[in-house]
Amino acid sequence: MRSVQHISSAPGFLAMYERTRQYTLADELLDRMTKRFKTSCNIWLRCIQLALKQSKDLEYIKSIVKCALLSIPQSKRIKFLSQTAILEFKRGVPEEGRSRFELILRESPKRTDLWSVYLDQVIKHL
C-alpha cells in the first residue's frame, strides 16, 4: 500500500479496486482520502457511489452524508446533496433520492435547475 501514498495515483487505484471487486481495499483507500481531503465533494460522492454499488444499508449511506455535510463547505452542499440524490435514483433507492431532492427544494424553492433535475429523475424512474 505504500504506492498509494502519492495521491495522484489514488484515483487509479480506486478504479482498479472497483473493477476487480476488491471493495475492502477501496473502502480503506476512500477512508484515507476522506480524512486527507475532507472538503472535497467528489471524494465524498465516490464514497456514496461505492456504498451504493456494494448495496450497503441506508443507515450507512446516511452516516456518510452526515459526515460529508459537516466537512464540505456551505457553497458545495447543494451540489453534493443533489448529486447524492441522483446516485440514489440510479442505484435503485429512488425513495431516498426523492426525499433528498424534496429537502433541497424546500430550502431552495426558486432553483429551477434543481427542479428540472428532480423531475428528470422522477420521470426516468417511474
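Because the model is predicted, local features were considered at a pLDDT of at least 70 and side-chain atom pairs at pLDDT 80 or more, whereas totals for chains, interfaces and linings use all residues. Residues are numbered from 1 along each chain as its sequence is written, and side-chain values rest on heavy atoms, with hydrogens and water left out.

The secondary structure of the protein consists of 7 helices and 0 strands, where helices (H or I, at least four residues) and strands (E, at least two) are DSSP runs numbered from the N terminus. Read from the N terminus, the order of elements is accordingly α-α-α-α-α-α-α. The radius of gyration of the protein is 15 Å, which agrees with the value near 14 Å that a compact globule of 126 residues would have; this radius is taken over C-alpha atoms, and the globule rule is 2.2 Å times the number of residues to the power 0.38. Along the principal axes, the C-alpha atoms fill a box of roughly 50 × 30 × 25 Å. Of the 126 residues, 37% are buried, a class defined by a relative accessible area under 20%, with exposed meaning over 50% and partly exposed in between (1.4 Å probe, protein chains only). Among contacts (heavy atoms within 4.5 Å) with a separation of 6 or more, 48% are between residues 24 or more positions apart.

The largest pocket has a volume of about 250 Å³. In this analysis, carried out on a 1 Å grid over the protein atoms alone, a cavity is a set of points where a 1.4 Å probe fits but cannot get out, whereas a pocket is an open set with protein on both sides within 12 Å along at least five of seven lines, and lining residues have an atom within 4 Å of a point. Grid points are joined across faces, edges and corners, and the volume is the space filled by probe spheres set on the points. The lining of the largest pocket comprises 17 residues, of which Asp31, Thr34, Trp44, Cys47 and Ile64 lie nearest its centre. Helix H2 (23-36), helix H3 (41-53) and helix H4 (58-71) are the elements that give two or more residues to this lining. By class, the lining has 8 nonpolar, 4 polar and 5 charged residues, with Ala, Val, Leu, Ile, Met, Phe, Trp, Tyr, Cys and Pro counted as nonpolar, Asp, Glu, Lys and Arg as charged, and the others, Gly among them, as polar.

A search of the whole structure finds 3 aromatic pairs, for which rings of Phe, Tyr and Trp (its six-membered ring) must have centres within 6.5 Å, with planes under 30 degrees apart counted as stacked, over 60 as edge-to-face and the rest as tilted. The pair of Phe101 and Tyr118 is tilted, because the ring centres are 5.4 Å apart and the planes stand at 45°. As Phe101 lies in helix H6 (residues 94-107) and Tyr118 in helix H7 (residues 112-124), this pair ties together parts that are 17 residues apart in sequence. Phe101 is buried, at a relative accessible area of 0%, and Tyr118 is also buried, at 10%. The rings of Trp115 and Tyr118, with centres 6.4 Å apart and planes at 65°, form an edge-to-face pair. Both of these residues lie in helix H7, 3 residues apart, or about one turn of the helix, and Trp115 is partly exposed, with a relative accessible area of 36%. Ring pairs link Phe89, Phe101, Trp115 and Tyr118 into a cluster. Gln121, found in helix H7 and buried at 5% relative accessibility, touches Ile86, Phe89 and Phe101, not counting residues up to four places away in sequence.

In helix H1 (residues 10-19), Glu18 is buried, with a relative accessible area of 11%. Leaving aside neighbours within four places in sequence, Glu18 is in contact with Tyr23, Arg46, Leu50 and Lys53. Lys53, in helix H3, is partly exposed at 33% relative accessibility and, with residues up to four places away in sequence not counted, touches Glu18, Tyr23 and Arg91. Leu14, also found in helix H1, is buried at 2% relative accessible area and touches Ala26, Leu29, Leu30 and Arg46, again not counting residues up to four places away in sequence.
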